[in-house]
Amino acid sequence: MELKEHDFTLMEMVQEATSDPALGLPDELKNVVTFGLYAMVSTIL
Amino acid sequence: MKKAFDLSEPEKVPVNLQTTTWSYAYAKVTQAEVLNDPLKNAQAYTKVYDDIEVDLSTFGINVMPIRVFEALKSDHYVLAKDDTAIVHSQAKEDYFPAEVYDLLSKGNSVETIGKLIDEITRRIYPALFETKEKGVQLLKEAIPPFLNSVQMKQTADAHITELGIPIIFNAFTFESDAPFFFSPFTMLMDQYRGMSGALTDLRRRPQQVKEMCDAIHEHNKQTQNFMTDVEEIKKKYAETPVPFGLNILNAECFIPTKFFEDYYMKYFKEIYIPYIEAGAKIYILGEGKLTHTYDFYNDLPKGSLLIHTDEDDPFEVYAKIKDRHTLCTGPSLSLLKYGTKEDCIDYSKKCIDAFAPGGGYLFMHNKTLTAARDVNCDNLKATYDFANEYGRK
């Protein structure tokens, strides 16, 4: 069994998504969403 | 409560409610009906706490944000057929083959665990990781339902706090006063190898299983900031009357007694002893039959654990842990669903009479309330009303 190397990370994608000006997230909320969404997706339960 | 858990007789037997999505059924709605309205959602979820006197809540608000999973095109959690419970699609999961153990010998084992977790995440959310562009787009679509879920949880959490009900494990912030702990073997079974794989491995390759558990444990220690300095933990607990930790036992009922110390207790003690020495009470949420394991907890400090029973005979468990730890038990969901009110009250009286004298007893039902038809709501209300009244001195 081999583990693949990947070109991009979850955090990179979350940061790019929450930084989209079209979403209009204020800076404070941007941090909450970035870390909250990242934590939700990356916590495997 | 503190008196009861310190094993001295309290003025009242404390009662606990351990509910997740069943709370919607109590409010006579389905989760689907209120899912898109955070305020109605919070109101429905907390109605049971308005109506029934409870001293403690295991989870507070514990609802997976199902619309976020839908936006990310993952079926890891889906709404159940009753439109209320949430199904964890573990049976469909694509677990690692037995060769996963060989990876540990190929390099840094902690780093390997990190890569395996990343791989599991990619399997849970396949569409999210197809291409970066697609992943970013899906995440943007997941933000509105994520914010909706945060608003619901903040509102419901504030209401439960307003009612003065302490929460053992805040499923909103994913925190408890002492850590939330899944043992490495539970993680191996739930996420890496599945039930049949992990249990076969325990017979055929116990040493490799142990090495994997050690690596998972080391990874947890490096990534989860467990505290080890007792004085520092005491400072953290300065304002907390009863600091709780939560350990959910998933796989432990399957660990043979001869392996129990090495494959579970050793990790449990390493994480929790400093917290226990600082005054924490660890709530052990049992799943399955665990009577054969309870002797292992008796060398831990007196009064440090709250032991919740699921399918065990609570009278047998009491014989093993009385005068050592708190027993958390009461009527089963089956009794609350199929019995009469009198049956439920008679059994609750029997439990209170047997377990409450001298403290060390938390009254509650046996399994987490999840699906709409898990219990007869009238029976549950009558039973809790009785326990609140009868449990007072």
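**The interface of chains A and B**

Author: Between chain B and chain A, three residue pairs are in polar contact, both residues at pLDDT 80 or more; such a contact is a pair of N or O atoms within 3.5 Å, where, within protein, one must be able to donate a hydrogen and the other to accept it, and residues adjacent in sequence count only if both atoms are side-chain atoms. The model is predicted, so local features need pLDDT of at least 70 and side-chain atom pairs pLDDT 80 or more, while totals for chains, interfaces and linings use all residues. Residues are numbered from 1 along each chain as its sequence is written, chains are lettered from A in the order in which they are written, and side-chain values use heavy atoms, without hydrogens and water.

The two chains also share four salt bridges (a side-chain nitrogen of Lys or Arg within 4 Å of a carboxyl oxygen of Asp or Glu). Lys140(B) and Asp20(A) form a salt bridge, at 2.8 Å from N to O. On the side of chain B that touches chain A, helices H5 (66-71), H6 (109-124) and H7 (132-162) of chain B each supply at least two residues; helices are DSSP runs of H or I, at least four residues, numbered from the N terminus. H6(B) gives the most, with ten residues. This side of chain B divides into 24 nonpolar, seven polar and eight charged residues.

In total, 39 residues of chain B and 28 residues of chain A take part in the contact, meaning heavy atoms within 4.5 Å. The area buried between them is about 2900 Å², 77% of it from carbon and sulfur atoms; this is the accessible area (1.4 Å probe) lost on being put together, summed over both parts.

Conventions
Buried area = accessible area lost by both parts, 1.4 Å probe. Nonpolar A, V, L, I, M, F, W, Y, C, P; charged D, E, K, R; others polar.
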